[in-house]
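Welcome to this short tour of a protein model. Please take a look at the sequence and the structure, and then read on.

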Amino acid sequence: MKVFFRRIHLYLSLAAGLVILIACLTGAILVFQKEAEQTFHHDRYFIQPSGQRLALEQIVEGVKKQNPQSKINGIKVYSDPERSIEVSIGLGEKGKQGKDDHKGSIANQETGNKEKPPSKNESEQGHKAGAKRAEGRGPGLIVFVNPYTGKVLETYNNRESFFFTVMSLHRWLLGGNDSIGKYIMGISTFIFLFILITGIILWWPRTRKILVQRLKIKSNAGWKRINHDLHLLLGFYSSIFLFIFAFTAMAWSFEWFNNGIYKVTNSPIKSPEPPKSIYQNNVKRIGFDAVYQAAQTVYRNVVFYNISAPKDSVSAFTVMALSNYAVHESATDAVYIDQYSGKILEQQLFSDRSLGARVRSTFRPVHTGSIWGMPSKIIAFLVCLMGISFPITGVIMWLNRTRKKEKVKGKRILAEMEA
């Protein structure tokens with residue numbers, strides 16, 4: 001039976017080994033992306049507090065002056081007094097700064113929303129048209145601002161960063177979300193699950209003596225034996241973690257897997273519709289400061305408030321808040337605020353989400369190793385490094401075994417000729 005599993009393990013590894021190596025290498029780099037960004041670009045994220053913070057509207061106006069044709073999509077405010085404020089702005093089609101797409105939205109915000117509220121049918125048509133336009137738009141930007149002086153620290157385009165390239169290689173092999181690279185990575189990840197399972201079957205010892213041998217490296221042996229022991233030992237210690245990382249990665253590769261999470265948990269796949277603002281003609285939209293103050297009355301002791309501006313005349317402000325006591329970085333609470341009156345329309349705690357939504361939200365922190373902070377990140381980093389070694393040590397083992405068989409076959413033929 002083990003001969004069968006050895007062949008399956010070998011053939012699958014030869015088929016997907018290179019892609020697995022790339023996934024593990026890029027995964028190791030991405031584990032500490034946040035820490036690396038904040039270390040090498042410290043002045044982008046951190047400032048020296050001085051005096052009182054400026055009003056959010058002052059900060060937004062300053063960003064608008066530097067990007068007059070852009071749409072303000074949202075603003076992220078950290079409770080840490082030493083953190084900069086992040087203002088998200090949208091760009092127009094093909095890199096143009098939203099001259100046509102967003103002019104109406106900005107005008108509505110500044111002049112009082114004089115258009116009529118869209119009907120349900122118009123809203124649906126507009127949403128579909130907006131989705132099509134979004135495909136041709138350039139990427140949005142994040143403007144980092146000093147909240148005490150209003151100084152723009154940096155305008156950041158994530159798609160032009162080193163880590164975006166690494167992420168693109170990790171998820172799509174430098175393709176796009178609908179590219180063949182995404183499916184190659186997804187299929188290779190699926191194959192990796194079977195490689196890990198067959199690897200454990202092949203590793204499983206028959207006796208306690210063999211178990212002891214497989215839990216250590218025979219350092220005084222030749223390099224072939226050391227390579228063999230490294231493959232088995234590192235494979236044993238990292239297999240469960242690599243299986244978890246590969247399993248969670250499936251949610252980004254295959255829609256059927258993502259939908260399966262909700263079906264298994266008996267949860268609705270579609271999120272409930274957010275509440276709408278009560279449209280008021282000739283009434284100016286409230287500012288970010290009013291929204292920020294309203295959110296603070298609902299959620300306190302948070303890491304940040306992420307405020308998203310309404311997309312049209314009947315949408316609400318959406319504020320996502322990450323509690324200091326959240327179970328993980330994706331466990332955000334939400335509050336929806338009427339864009340005209342400032343009234344709190346709805347509050348949604350993370351615990352109020354469906355079981356499927358809560359389970360799905362854990363996939364990213366588990367996959368990236370951030371689920372338990374720095375300790376789990378260190379584990380994820382080391383496991384990814386081990387994962388890089390498997391295709392290499394495995395190929396070496398295969399070549400050694402192939403050469404050994406060829407030598408034995410050659411000796412047998414030679415002996416037959418001499419006889």
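Let us start with one side chain: at 11% relative accessibility, Lys64 counts as buried, where buried means under 20% relative accessible area, exposed means over 50%, and partly exposed lies in between (1.4 Å probe, protein chains only). This is a predicted model, in which local features need pLDDT of at least 70 and side-chain atom pairs count only at pLDDT 80 or more, while totals for chains, interfaces and linings use all residues. Residues are numbered from 1 along each chain as its sequence is written, and side-chain values use heavy atoms, with hydrogens and water left out.

**Salt bridges**

- Lys64 forms a salt bridge with Glu61, and their closest N and O atoms are 3.8 Å apart; a salt bridge is a side-chain nitrogen of Lys or Arg within 4 Å of a carboxyl oxygen of Asp or Glu.
- Both Lys64 and Glu61 lie in helix α4, three residues apart, which is about one turn of the helix; helices (H or I, at least four residues) and strands (E, at least two) are DSSP runs, numbered from the N terminus.
- Glu61 is partly exposed, with a relative accessible area of 36%, whereas Lys64 counts as buried.
- How many salt bridges does a search of the whole structure find? The search finds seven.
- Arg83 and Glu86 meet through their side chains in a salt bridge (3.6 Å, N to O), and both Arg83 and Glu86 are buried.
- Another salt bridge joins the side chains of Arg225 and Asp229 (2.9 Å, N to O).
- Arg225 and Asp229 both sit in helix α10, four residues apart, about one turn of the helix.
- Is Asp229 buried or exposed? At 6% relative accessibility, Asp229 counts as buried, while Arg225, at 33%, counts as partly exposed.

- Tyr11, Leu14, Val395, Trp398 and Leu399 make a nonpolar surface patch of about 440 Å².
- Such patches are made of residues with over 30% relative accessible area and no salt bridge, with like charges joined within 9 Å and nonpolar side chains (Val, Leu, Ile, Met, Phe, Trp, Tyr) within 5 Å.
- The accessible areas come from the Shrake-Rupley method with a 1.4 Å probe, and for residues only the protein chains shown count as cover.
- Helices α1 (2-31) and α14 (374-418) each supply at least two residues of the patch, and the largest share, three residues, comes from α14.
- Trp398 has its place in helix α14 and is partly exposed, with a relative accessible area of 31%.

**The second largest pocket**

- Rolling a probe the size of a water molecule over the atoms shows where empty space is left.
- The second largest pocket has a volume of about 1100 Å³.
- On a 1 Å grid over the protein atoms alone, a pocket is an open set of points with protein on both sides within 12 Å along at least five of seven lines, and lining residues have an atom within 4 Å of a point.
- Grid points are joined across faces, edges and corners, and a volume is the space filled by probe spheres set on the points.
- This pocket is lined by 40 residues, of which Arg6, His9, Leu202, His231 and Met397 lie nearest its centre.
- Which helix gives the most to the lining of the second largest pocket? That is α1, with 12 residues.

- Glu57 and Asp289 are 232 residues apart along the chain, yet their C-alpha atoms are separated by 6.5 Å.
- Glu57 is placed in helix α4 (residues 56-66) and is partly exposed, with a relative accessible area of 24%.
- Leu382 and Ser238 are 144 residues apart in sequence and 8.7 Å apart in space, C-alpha to C-alpha.
- Leu382 lies in helix α14 and is partly exposed, with a relative accessible area of 43%.

**Positive phi angles**

- Most residues other than glycine have a negative phi.
- Leu174 has a positive phi near 70° and is found in the loop between α7 (162-172) and α8.
- Asn266 has a positive phi of about 55° although it is not a glycine, and Asn266 is exposed, with a relative accessible area of 70%.

Key
On a 1 Å grid over the protein atoms alone, a cavity is a set of points where a 1.4 Å probe fits but cannot get out, and a pocket is an open set with protein on both sides within 12 Å along at least five of seven lines; lining residues have an atom within 4 Å of a point.
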